[in-house]
Amino acid sequence: MAEAADLAAGKAKAEICAGCHGENGISTTENIPSLAGQLDQFIQWQLVYFRAGSRKNEAMQPIVEQLNNEDIRNLGAYFASLTPPKAPPDGDADLSKKGAQAAVGRRCASCHTDSFAGTKAVARLTGQREEYLTKALRDYKSGARFGGAGGAMTDVAYPLNDEEITALAHYLAHL
């Protein structure tokens with residue numbers, strides 16, 4: 001039987017994360033995602049991918065190498081328990097409209113849900129940093145980033161052009 005996660009242990013272990021991912025999991029650093037309110041299973045899977053080396057990041061590698069399965073469970077539960085970041089005001093409604101059209105065209109809601117809040121091991125996208133979403137989509141498109149579900153994100157991102165990526169990231173960040 002799986003053990004329940006320990007939020008206090010997750011919070012203690014997450015202190016090292018704050019340097020990049022921000023206080024209370026809300027990033028203020030370019031190209032670093034906010035983790036607050038991200039789904040428990042999603043956090044756990046990403047940490048496992050980093051630890052296994054199938055997802056690569058020079059800053060993350062030495063940290064995840066020190067994590068055991070219990071730490072990963074606790075971190076997932078801790079970040080999921082935090083209030084997600086509030087989306088900034090949308091200063092470009094036309095770009096958001098194009099992004100919404102791209103989201104419908106690429107069927108983003110079929111995995112990320114109609115509210116783009118994610119589910120289970122699928123990421124929450126609403127309110128995420130815009131430039132991080134742009135980077136993630138470009139990384140999926142180029143194959144530099146591996147996604148779960150048999151590479152579904154690579155299949156979704158590959159046909160997107162730069163304008164669509166920019167619009168989609170803008171739309172999701174401002175929801």
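The largest cavity of this predicted model is lined by Ser 34, Ala 36, Gly 37, Gln 38, Pro 85, Arg 124, Thr 126, Gly 127 and Gln 128. A cavity is a set of points, on a 1 Å grid over the protein atoms alone, where a 1.4 Å probe fits but cannot get out, and lining residues have an atom within 4 Å of a point. The volume of the largest cavity is about 50 Å³. Two residues of its lining are nonpolar, six are polar and one is charged; Asp, Glu, Lys and Arg count as charged, Ala, Val, Leu, Ile, Met, Phe, Trp, Tyr, Cys and Pro as nonpolar, and the others, Gly among them, as polar.

Residues are numbered from 1 along each chain as its sequence is written. Local features need pLDDT of at least 70 and side-chain atom pairs pLDDT 80 or more, whereas totals for chains, interfaces and linings use all residues, and side-chain values use heavy atoms, without hydrogens and water.

Helices are DSSP runs (H or I, at least four residues) numbered from the N terminus. Helix α6 (residues 93–105) and helix α10 (residues 162–173) have axes that come within 7 Å and cross at roughly 100°. Therefore α6 is roughly perpendicular to α10 (angles of 65 to 115 degrees). Their contact (heavy atoms within 4.5 Å) includes Leu 95 of α6 and Tyr 171 of α10.

Side chains of opposite charge can pair when their charged atoms come close. In a salt bridge, a side-chain nitrogen of Lys or Arg lies within 4 Å of a carboxyl oxygen of Asp or Glu. There are five salt bridges. One of them joins Lys 13 and Asp 71 (3.7 Å, N to O). This pair links distant parts of the chain, 58 residues apart: Lys 13 belongs to helix α1 (residues 7–13) and Asp 71 to helix α5 (residues 69–81).

Note on methods:
Axes are lines fitted to C-alpha atoms, for helices over the stretch in contact, and angles run from 0 to 180 degrees between N-to-C directions. Helices (H or I, at least four residues) and strands (E, at least two) are DSSP runs, numbered from the N terminus. Angles under 35 degrees count as roughly parallel, over 145 as roughly antiparallel, 65 to 115 as roughly perpendicular and the rest as oblique. On a 1 Å grid over the protein atoms alone, a cavity is a set of points where a 1.4 Å probe fits but cannot get out, and a pocket is an open set with protein on both sides within 12 Å along at least five of seven lines; lining residues have an atom within 4 Å of a point. Grid points are joined across faces, edges and corners, and a volume is the space filled by probe spheres set on the points.
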